[in-house]
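Work through the exercises below with the structure open. Try each task before you read its solution.

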Amino acid sequence: MTREDAVQAEQSNGILVLTVSRPQALNALNRRILAELRSRLLQAERDDAVRVTVITGEGGKAFAAGADIGEFMDLADEQAGREYARHGQEIFAMIASLTKPVIAAINGYALGGGLELALACDIRCASERATFGFPEATLGILPGFGGIERAARLIGRSASLQLMLTGMPIDAAEALRLGLVDRVVAHDGLMREVLALAARMAEQPPAALAAIKECLGRGMEAEAALFGRLVVSDEARSRCRAFLEKRRR
Ligand code: CO8
């Protein structure tokens, strides 16, 4: 792990913590950070030693304050802008489709593309100091990394449009009320809380977690098929037998 790393990685007890590390720019997501996130997450997906991933931001101030606004200036034409957005969309869609759980530990600003990153994760835990918003319209653009759809699915059409059409930030309490985040905790306790949640998930068999995630959006048929596959697995047999025999596994 070097100081130049744009995404730092630390792994223990099956939990991989990825820290977006560009605090001088409030962890704004540039191409390099997006590429590193992509490769580290794909690597984690293949690595049996990783059960759960946590994404957070370096420093006490920001999770990620958006995509890197400076990079927009390098986009020469419409086609370049479209490709830039498509590239980000693909990375965030990959995050949303990982078989292993991904938790966002939102330690500060989650704005624009930073909020879109949090929305691509499975679960969002926030510090009481966190701030959320979609300021894109104030810049004359839109949330182009898949966040428009993800936010609307999570908190509803009008609540997400209110955020996007005004660009106004909201605090953690309001984000919790809207369902934009799942938990809000004291700033200093955020990682402890997230790691405890991750540890609990890491105890469960990866095949069960992957199947549960796979069912989302796929309907009853998939649920029945995946239940059928899991229930006859050695892991499920041994866990169910242990329960019936009143012993720990
Ligand atoms: N991009 C680039 N640099 C940034 C960003 C950003 N998103 N956010 C902060 N920075 C930089 C600042 O420029 C500043 O740099 P420097 O010290 O060199 O001047 C440094 O971080 C610290 O920021 P501030 O001095 O502004 O810190 P403050 O505490 O005064 O303010 C704020 C904090 C309120 C978070 C403020 O920095 C801010 O408003 N940032 C921009 C937030 C924003 O608009 N985010 C949305 C960006 S657009 C986006 O995410 C689109 C995603 C979809 C793209 C789809 C493809 C096109």
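The model is predicted: local features need pLDDT of at least 70, side-chain atom pairs count only at pLDDT 80 or more, and totals for chains, interfaces and linings use all residues. Residues are numbered from 1 along each chain as its sequence is written, and side-chain values use heavy atoms, with hydrogens and water left out.

**Exercise 1. Describe how domain 1 and domain 2 meet.**

Step 1. Domain 1 covers 7–202 and domain 2 covers 206–248. These bounds come from an automatic or database domain assignment.

Step 2. Find the touching residues. Seven residues of domain 1 contact four residues of domain 2. Contact means heavy atoms within 4.5 Å.

Step 3. Take the area. About 450 Å² is buried between the two domains, 61% of it on carbon and sulfur atoms. Buried area is the accessible area (1.4 Å probe) that two parts lose on being put together, summed over both.

Step 4. Look for charge pairs. One salt bridge crosses the interface of domain 1 and domain 2. The rule asks for a side-chain nitrogen of Lys or Arg within 4 Å of a carboxyl oxygen of Asp or Glu.

**Exercise 2. Examine the salt bridge between Asp-122 and Lys-213. Which parts of the chain does the pair tie together?**

Step 1. Check the distance. The closest N and O atoms of Asp-122 and Lys-213 are 2.7 Å apart.

Step 2. Count the salt bridges. The rule gives nine.

Step 3. Locate both ends. Asp-122 sits in the loop between helix 4 (113–120) and strand 7 (123–127), and Lys-213 sits in helix 9 (residues 206–215), so the pair ties together parts 91 residues apart in sequence. Helices (H or I, at least four residues) and strands (E, at least two) are DSSP runs, numbered from the N terminus.

Step 4. Check accessibility. Asp-122 is partly exposed at 28% relative accessibility. Lys-213 is buried at 19%. Buried means under 20% relative accessible area, exposed over 50%, and partly exposed in between (1.4 Å probe, protein chains only).

**Exercise 3. Locate the salt bridge between Glu-235 and Arg-239.**

Step 1. Check the distance. The closest N and O atoms of Glu-235 and Arg-239 are 2.7 Å apart.

Step 2. Find the spacing. Both residues lie in helix 11 (residues 234–244), four residues apart, so about one helical turn separates them.

Step 3. Check accessibility. Glu-235 is partly exposed at 38%.

**Exercise 4. Compare Leu-26 with Asn-27. Is Asn-27 buried or exposed?**

Step 1. Recall the background. Most residues other than glycine have a negative phi.

Step 2. Read the angles. Leu-26 has a positive phi of about 50°. Asn-27 has a positive phi near 60°.

Step 3. Leu-26 is in the loop between strand 2 (15–20) and helix 1 (31–46). Asn-27 is also in the loop between strand 2 and helix 1.

Step 4. Check accessibility. Leu-26 is partly exposed at 26%, whereas Asn-27 is buried at 0%.

**Exercise 5. Describe the surroundings of Ile-95.**

Step 1. Ile-95 is in helix 3 (residues 78–96). Ile-95 is buried, at 0% relative accessibility.

Step 2. List the contacts. Leaving aside neighbours within four places in sequence, Ile-95 touches Leu-41, Val-102, Leu-117 and Ala-120.

Step 3. Compare sequence with space. Ile-95 and Arg-38 are 57 residues apart in sequence, and their C-alpha atoms are 8.0 Å apart.
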